[in-house]
Amino acid sequence: MISLTKKRDLWASQRATAPVFKGEQLQVSAAAQVSYVRALSSLTAQMTAQTMREIERLFKTDTAAAHFGQDATIASQSRILLSSLSNKFTELFAKKARALAEGMVKDADKTSKTALHSSLQKLSGGMSLKTSVMNSNLTNIYKASVAENVSLIKSIPAEYLQKVEGAVMRSITTGNGLQDLVPALQQYEGQTHRRAKNIALDQTRKAYNSINKGRMQALGVEQFEWHHSGGGAHPREDHVEMDGEIYRFDTLPVIDERTGERGIPGQAPNCRCTMSPVFSFDKE
């Protein structure tokens with residue numbers, strides 16, 4: 001539970017109305033985000049680079065030199081190659097997914113402990129608080145965060161290679177070969193790298209804020225202040241209006257007006273809003 005220093009406790013008890021104490025804003029670690037982005041980008045780059053090399057090599061063989069629309073051999077060879085690439089990278093991403101996800105959640109947990117300790121120390125007037133608390137709720141948050149990230153990481157090769165297969169078969173059908181295929185592969189490569197980056201950034205924010213929520217609740221903090229990020233070309237209007245508002249964890253605000261979903265800052269896709277702990281002093 002949160003305790004106040006004697007000086008702040010005395011000041012609070014002398015107030016006519018119950019005062020509200022606010023901690024520092026909890027910002028996700030940029031270093032943790034960069035680390036996760038690099039890890040996923042490296043894995044994605046390995047996949048897209050090899051896929052491009054292997055397909056270009058196949059399409060430059062003597063077999064591929066024949067008219068694509070009349071030659072069934074290149075289509076068969078393409079299917080074999082794509083199946084091989086799919087098997088390889090599905091296995092690779094599945095092998096790496098859990099370690100990457102657990103590493104990210106571990107970093108989020110570490111920065112949460114430090115940031116929340118500092119924030120609550122300010123809120124309480126200088127009292128040092130132990131934020132390494134662990135309970136079943138936090139354990140479930142860790143597990144859920146890891147599971148969600150494992151699923152997203154595994155989806156990267158499946159989505160990318162499905163697009164590649166479609167482009168390969170269209171280039172064979174039209175007979176245009178690499179003329180159409182190379183630009184398409186470059187487009188899908190860019191899309192896949194951006195998606196991997198967005199997954200890393202968004203999931204780091206989600207894990208960090210979810211852990212902060214669970215940790216604050218375990219310490220007895222029942223409220224938080226919403227801080228709009230102030231960034232983005234098209235900010236969510238409702239999130240802008242929520243800036244500076246105080247909410248309770250047991251009655252979370254609506255974060256998506258279309259669906260009615262309720263949640264905390266950073267929970268909505270690509271939301272960069274943050275929060276800070278709030279403690280209302282009750283004399284009774």
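Student: Over how many bridges do β1 and strand β6 pair?

Tutor: This is a predicted model, so let's go by what it shows. Strand β6 covers residues 274-280, and its pairing with β1 is antiparallel. One of the contacts joins V20 to S280 in β6 as bridge partners. The number of bridges for the β1 and β6 pair is 3.

Student: Which strands sit at the edges of the sheet?

Tutor: Start with the order, β1-β6-β2-β3, in an open sheet of 4 strands with antiparallel pairing. An edge strand pairs on one side only. That applies to residues 20-22 and to residues 246-248, so the edge strands are β1 and β3.

Student: By what angle are neighbouring strands of this sheet turned against each other on average?

Tutor: We're still on the open sheet with the order β1-β6-β2-β3. Direction is ignored for this one, and the average is 35°.

Student: What share of the chain's residues is buried?

Tutor: Buried here means under 20% relative accessible area. The chain has 284 residues, and the buried part of them comes to 43%.

How values were computed. Residues are numbered from 1 along each chain as its sequence is written. This is a predicted model: local features need pLDDT of at least 70, side-chain atom pairs count only at pLDDT 80 or more; totals for chains, interfaces and linings use all residues. Side-chain values use heavy atoms; hydrogens and water are left out. Two strands pair if DSSP finds at least two bridges between them. Helices (H or I, at least four residues) and strands (E, at least two) are DSSP runs, numbered from the N terminus. Axes are lines fitted to C-alpha atoms, for helices over the stretch in contact, and angles run from 0 to 180 degrees between N-to-C directions. Buried means under 20% relative accessible area, exposed over 50%, partly exposed in between (1.4 Å probe, protein chains only).
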